[in-house]
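Walk me through this structure.

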Amino acid sequence: MTSRIPRDSRLRLVRPRPLAAAPQAINQRRPRRPAPRPPEGTPARSELAGMARSGLADAARVARWADSALGPGRGSATADGKATLSDATAEHAARELGLTVAKVRADWDTARLAGLIEVHGDTARPGWRLRAWNRDDSAVLRGWVALFDAWSLAHPEPAEQPAVVAEVVSAMPQVLSFLQLSAGPVPVTQLLDLLEQRVTELRTERCEVPYGPRLEPGTPGAEPEPDPATDTPLAPLLDWALHALASVGALTCGDGHATLTPLGSWAVWVKLEQICVAAQSPAGHIEQSAEGMLRGCARLRPNAARDEYRAWLAARPVGSAVAELIGAARGEDALLRGLAFDALRVVGAPAEPDVRGVLDEPTLRPYALLWLAEHDGADPEDAHEVLTRPEATWLWVDTAAAVADHGEAPLLVRHLESAVQPTVPALLDEVRAVGHPRTVQVLVALAAAHPDPALAKAVRRAAFQVHTGGG
């Protein structure tokens, strides 16, 4: 008696998709929440990106020069390992670009703040935004927002009390919000009144009761020492802040008035929206542990999940947040592993040392390699090429375990498309060889889910062989 099922010992797989896309199959259910719209009159994103490209054109030019002229075996960018452009390199750039040394240094600093250049030790390399500069409006706008966030570093800091400067920097978001809501020129005197009120609030909020015995009034030493910070006039510091913001293109100053530029108004609106996300995060994700937050994000679409990651990260110091995310990735739940590294992508450069630190951990190594490849500018569609064949297979099994635990049977079947092997027998041979602890469960789940009886039988046989240790 012969089987009616056509036999094909090759059991070919369909064209593979990049592994980086596989984990997203789990969280594609809930409809996307409507994106908030910017205020009426805000230019389209393409126009805003054009403004940002224009404002950062000089910085991008220096970044491209550094990309071609600096690097291993070509030249050093810095002399102190602190991202300060060395004299020799600055003079070299000035000669080749026809600029003054001072202009080269200013454009270099702007390029660093905008993420167009990344400095590691005494070498520079192009940031991923430079690679995407001409084709990706989002990359351009993120670069400009990064510069906007660093406005206090873009202009020489005044010599006044450092504590007062810090207070002014902390108070400026409220001043910028007022400018954004005003949607037009605002007298600087009115901004000064608002700044003074906010600084007073900040000083009141951090007021502390002094430790030690309390002295009776009239006793020598009972009166508090005068704080020079409270006597520092804020008008010069407001002038510094407004000129620093003007230097990055966020506002214009003139005739005693300040006005946000379209880019500045849009950026302030973006920041206000992020605060709203942080304040209204569903299910209280902000106050949860990394594991709890990631589980809460498991059913969200990627964009909504990234909003949650940003809100959660905004409420914590970067170092402890990164450590907590990596701790969650070390757990047994493969889904949390993938989501943790998605959250680390939102962190960006500050997470790089910790991600490099887990390259020796087999469970995390494939995820870390993909993260580092994308951080170095690789296209997410091509990042999987940095993995060896065993690493890619291990990641395939780990992702399949996440799908089996949290997804549906059709998703597990479609996950076959992301395998790098061209045939099912080749895939099964290599899956057995990598020794993933969830191999048996993944193969059993795949056999139960797949509608092709011949393929399901082959997968069940492979699961039995792994379980029994057979060949």
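The axes of α7 and helix α8 (residues 188-205) come within 9 Å of each other, and they cross at roughly 125°. This is a predicted model. The crossing of α7 past α8 is right-handed.

Which residues make the contact between α7 and α8? From α7 come V164, E167, V168, S170, A171, M172, Q174, V175, F178 and L179. They meet Q190, L191, L194, L195, R198, V199, E201, L202 and R203 of α8. By type, the residues of this contact divide into 12 nonpolar, three polar and four charged. Among the charged ones are E167 in α7 and R198 in α8.

**Aromatic pairs**

How many aromatic pairs does the structure hold? There are three. One of them joins W151 and W240, with ring centres 5.5 Å apart and planes at 50°. Planes under 30 degrees apart count as stacked and over 60 as edge-to-face.

F341 and Y367 form another pair, and their ring centres are 5.6 Å apart. Is this pair stacked or tilted? The planes meet at 25°, so the pair is stacked. Here too the pair links distant parts of the chain. F341 lies in helix α14 (residues 334-347) and Y367 in helix α16 (residues 365-375), 26 residues apart. Buried means under 20% relative accessible area. F341 has 1%, so F341 is buried. Y367 has 6%, so Y367 is buried as well.

**An alanine in α3**

The last stop is A94, in helix α3 (residues 87-97). Is A94 buried or exposed? Its relative accessibility is 9%, so A94 counts as buried. Leaving aside residues up to four places away in sequence, A94 touches L99, T100, V101 and V104. V62 is 32 residues from A94 along the chain. The C-alpha atoms of A94 and V62 are separated by 9.6 Å.

Technical notes:
Residues are numbered from 1 along each chain as its sequence is written. This is a predicted model: local features need pLDDT of at least 70, side-chain atom pairs count only at pLDDT 80 or more; totals for chains, interfaces and linings use all residues. Side-chain values use heavy atoms; hydrogens and water are left out. Helices (H or I, at least four residues) and strands (E, at least two) are DSSP runs, numbered from the N terminus. Buried means under 20% relative accessible area, exposed over 50%, partly exposed in between (1.4 Å probe, protein chains only). Contact means heavy atoms within 4.5 Å. Rings of Phe, Tyr and Trp (its six-membered ring) pair if their centres lie within 6.5 Å; planes under 30 degrees apart count as stacked, over 60 as edge-to-face and the rest as tilted. Axes are lines fitted to C-alpha atoms, for helices over the stretch in contact, and angles run from 0 to 180 degrees between N-to-C directions. A crossing is left-handed if the near helix is turned anticlockwise from the far one by less than a right angle, and right-handed if clockwise.
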